[in-house]
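User: Hi! I am new to reading protein structures and would like to learn how to read salt bridges and a few other features. Could you walk me through them?

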Amino acid sequence: MKHMVSLDDFDRKILRVLQESADYSMAELGDKVGLSHTPCWRRVKRLEAEGIIRGRVTLLNPQKLNLAVTVHCHVTIQKHDEDSLNSFESEVQNVQEIVECYSTSGDKDYVLRVVVDSVEHYEQLLKRTLIHLPNVASVNSTFALKQVKYTTELPL
């Protein structure tokens, strides 16, 4: 069973502000949430230790990096035993174009979000890599036409 952490209003404020930007100094963060430096720092350290704050990253603009093609791949697996699923999930970690992978309910077993520079790049990735991942029966690809919403901020 997963350990649920109780969060008070200050914890939630800290998390909301950090989701907007991780660049704030501890003093700036404290000012924004209404705490002095030390109690704010202690709370951030506790949130990190409890795994609520997993890390701090810089978000990149895929279009500016010529990675404007997003593909959602719905994958069906041949065998559903634990070793086969673990093997697929392990190998997905090694494909850098796969930026997200979810095990799903329904008639597809996984959905992948793949980011590439072109349709041709995706075609090569599909032929050379995706269909050869362990235990793959089929891959159904859907190309995103436009990103309507994207956020990394959780609704706190």
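Analyst: Gladly! Let us begin with a term: a salt bridge is a side-chain nitrogen of Lys or Arg within 4 Å of a carboxyl oxygen of Asp or Glu. Side chains of opposite charge can pair when their charged atoms come close. In this structure, Asp8, Asp11, Arg43, Arg46 and Glu50 are linked in a network of such bridges. A word on the source: this is a predicted model, where local features need pLDDT of at least 70, side-chain atom pairs count only at pLDDT 80 or more, and totals for chains, interfaces and linings use all residues. Residues are numbered from 1 along each chain as its sequence is written, and side-chain values use heavy atoms, with hydrogens and water left out.

User: How many salt bridges does the structure hold?

Analyst: The structure holds eight. In one of them, aspartate 8 pairs with arginine 43, with the closest N and O atoms 2.8 Å apart. Aspartate 8 lies in the segment before helix 1 (9–20) and arginine 43 in helix 3, so this pair ties together parts that are 35 residues apart in sequence. Helices here are DSSP runs (H or I, at least four residues), as are strands (E, at least two), numbered from the N terminus.

User: Which residue forms a salt bridge with arginine 46?

Analyst: Aspartate 11 does, and the closest N and O atoms are 2.6 Å apart. Arginine 46 lies in helix 3 and aspartate 11 in helix 1, so here too the pair ties together parts that are 35 residues apart in sequence.

User: Is aspartate 11 buried or exposed?

Analyst: The general idea is a set of cut-offs: buried means under 20% relative accessible area, exposed over 50%, and partly exposed in between (1.4 Å probe, protein chains only). Aspartate 11 has a relative accessible area of 2%, so it is buried. Arginine 43 is buried as well, at 19%. Aspartate 8, at 31%, is partly exposed, and arginine 46 is partly exposed at 29%.

User: What does aspartate 11 touch?

Analyst: Contact means heavy atoms within 4.5 Å. Leaving aside residues up to four places away in sequence, aspartate 11 touches Ser6, Arg43, Arg46 and Leu47.

User: Where is there a salt bridge between strands?

Analyst: Look at glutamate 100 and arginine 113, whose side chains meet in a salt bridge (2.5 Å, N to O). Glutamate 100 is in strand 2 (residues 98–103) and arginine 113 in strand 3 (residues 110–116), 13 residues apart. Glutamate 100 has 24% relative accessibility, so it counts as partly exposed.

User: Which residues form a nonpolar patch on the surface?

Analyst: Patches are made of residues with over 30% relative accessible area and no salt bridge; like charges are joined within 9 Å, and nonpolar side chains (Val, Leu, Ile, Met, Phe, Trp, Tyr) within 5 Å. Here, Val57, Leu59 and Tyr150 form such a patch, with about 350 Å² of accessible area together. Accessible areas come from the Shrake-Rupley method with a 1.4 Å probe; for residues, only the protein chains shown count as cover. Leucine 59 sits in the loop between helix 3 (37–49) and strand 1 (69–77) and counts as exposed at 52% relative accessibility.

User: What order do the elements of the chain run in?

Analyst: There are five helices and four strands. From the N terminus on, they run α-α-α-β-α-β-β-α-β. Along its principal axes, the C-alpha trace spans about 55 × 40 × 25 Å, and buried residues make up 27% of the 156 residues.
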